[in-house]
Amino acid sequence: MALVKALLSFVFFIGVLAVAAVVTGWFWFQNEIVKPGPLLADQTFIVSPGEGLGTIARNLETAGVITDARLLRLAFRADGDSASAKAGEYQIPVEASLSDVKALLVSGAAILHRITIPEGLTVAQIFRLIEADEILTGDLPGTEPPEGSMLPDTYLFGRGMTRSELVDVMSEAQTDLIAELWPGRQQDLPLSTPAEAIILASVVEKETGLPEERDQVAGVFVGRLKRGMRLQSDPTIIYGVSRGEPLYNKRGQRRTLYRSEIDRVTDWNTYQIDGLPKTPICNPGRDAIAAVLQPADTEYVFFVADGTGGHAFAKTVQEHNRNVAAYRRIERERIAAERAN
């Protein structure tokens with residue numbers, strides 16, 4: 001009997017020691033994962049798609065972000081998060097604790113990069129910007145999307161996004177925007193489909209130097225369509241000649257249109273064809289599309305550049321001719337000044 005009691009006492013003692021060891025270990029572990037880490041300065045760390053927790057932990061230790069990869073794996077498994085580290089590029093702050101690192105990887109709060117696509121570019125020009133971005137990966141789609149189908153904007157993306165994925169995002173954004181704006185359009189517009197609205201918006205985009213003029217320019221073009229007048233937009237001529245690329249003379253200088261180009265019949269030259277061009281001539285932004293769907297109610301029929309970045313609008317041919325003469329005088333003076341310098 002005494003032997004049994006002694007044995008039970010020994011087992012109880014061992015149990016107490018085991019519990020004490022577990023408790024001590026637990027407190028030690030909790031202290032280890034919250035104490036400041038070894039980083040002396042903020043550091044960028046990349047988790048690639050498909051990387052397992054073991055690889056991530058070893059890479060963090062090698063990079064000097066944490067001191068012990070085993071502790072990070074244990075921290076993930078203790079919380080049941082062993083498969084929840086998300087791919088991305090992370091900014092690890094100075095002295096980040098192991099717990100901080102784990103929380104960051106689980107949150108997926110990766111660094112976001114940005115690319116800005118200006119309004120009024122053609123698809124080919126947008127593709128060149130996307131191709132030149134050093135953060136995006138992969139190739140562009142083998143086939144360009146239709147002209148006018150990509151929404152210019154500033155796009156945020158995480159490291160690892162492909163160029164093809166960004167093209168899809170821009171195309172979806174344009175589809176969503178026209179779906180949002182089309183139902184609220186003015187009901188008497190000479191536009192029967194969203195596709196026609198994008199075409200006219202692309203012309204407005206290329207004609208507008210000042211944002212505040214968009215609805216006025218749109219109002220002039222809408223009025224011309226209602227009257228059965230030709231749009232007579234210079235950018236439509238350029239698109240028919242060079243698909244929207246700038247025109248240069250033999251000396252490599254930017255030039256204006258030749259008379260032969262103005263007289264050339266193309267599917268886009270609105271000096272020579274009635275109605276809208278065959279396709280958009282660029283990718284218009286949100287404001288240009290909105291202006292076409294809600295144009296200014298204006299009596300103006302004509303406009304010409306005023307030499308300051310904006311336009312001079314006119315209701316009659318006589319008034320328009322005076323504005324054209326004034327603009328040509330400004331251009332002659334500018335050219336003379338450039339030659340004098």
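## How confident is the model?

The chain has an average pLDDT of 89, and 89% of its residues reach at least 70. Here pLDDT is the predictor's confidence in each residue, on a scale from 0 to 100. This is a predicted model, in which local features need pLDDT of at least 70 and side-chain atom pairs count only at pLDDT 80 or more, while totals for chains, interfaces and linings use all residues. Residues are numbered from 1 along each chain as its sequence is written, and side-chain values use heavy atoms, with hydrogens and water left out.

One stretch calls for care: over residues 15–23, pLDDT stays under 50. For these residues the model has zero contacts beyond four places in sequence, a contact being heavy atoms within 4.5 Å. Where pLDDT is low, the predicted coordinates should not be read in detail.

## The chain as a whole

The secondary structure comes to 12 helices and six strands. Both are DSSP runs numbered from the N terminus: helices are H or I with at least four residues, and strands are E with at least two.

Of the 341 residues in the chain, 40% are buried. Buried means under 20% relative accessible area, exposed means over 50%, and partly exposed lies in between (1.4 Å probe, protein chains only). If you take the contacts between residues at least 6 apart in sequence, 63% of them join residues at least 24 apart.

## Two helix pairs

Two packed helices are described by the angle between their axes and the distance between the axes. Axes are lines fitted to C-alpha atoms, for helices over the stretch in contact, and angles run from 0 to 180 degrees between N-to-C directions.

Let us start with helix H5 (residues 123–132) and helix H6 (residues 163–181), which pack at an angle of about 140° with their axes 10 Å apart. H5 and H6 are therefore oblique to each other; angles under 35 degrees count as roughly parallel, over 145 as roughly antiparallel, 65 to 115 as roughly perpendicular and the rest as oblique. On the H5 side, Ile126, Phe127, Ile130 and Glu131 make the contact, and on the H6 side Arg163, Leu166, Val167 and Met170 do. By class, this contact of H5 with H6 has six nonpolar, no polar and two charged residues. Ala, Val, Leu, Ile, Met, Phe, Trp, Tyr, Cys and Pro count as nonpolar, Asp, Glu, Lys and Arg as charged, and the others, Gly among them, as polar.

Now look at H7 and helix H8 (residues 214–227), packed at an angle of about 130° with axes 10 Å apart. That angle makes H7 oblique to H8. Leu200, Val203, Val204, Glu205 and Glu207 of H7 meet Arg214, Val217, Ala218, Phe221, Val222 and Leu225 of H8. The residues of this contact divide into eight nonpolar, no polar and three charged.

In helix H9 (residues 234–242), the buried residues are Pro235, Thr236, Ile237, Tyr239, Gly240 and Ser242. Helix H7 (194–207) and helix H10 (259–263) are among the elements that cover them. Just after H9, Arg243 takes a positive phi of about 55°.

Helix H11 (residues 286–293) has Ala288, Ile289, Ala291, Val292 and Leu293 buried, and these pack against H6, H7 and H8.

Which loop holds Ile66? Ile66 sits between helix H2 (53–62) and helix H3 (69–78). Ile66 is buried, with a relative accessible area of 5%. Leaving out residues up to four places away in sequence, Ile66 touches Pro38, Ala57, Leu60, Glu61, Leu72 and Val101. Pro38 is 28 residues from Ile66 along the chain, yet their C-alpha atoms are separated by 6.3 Å.
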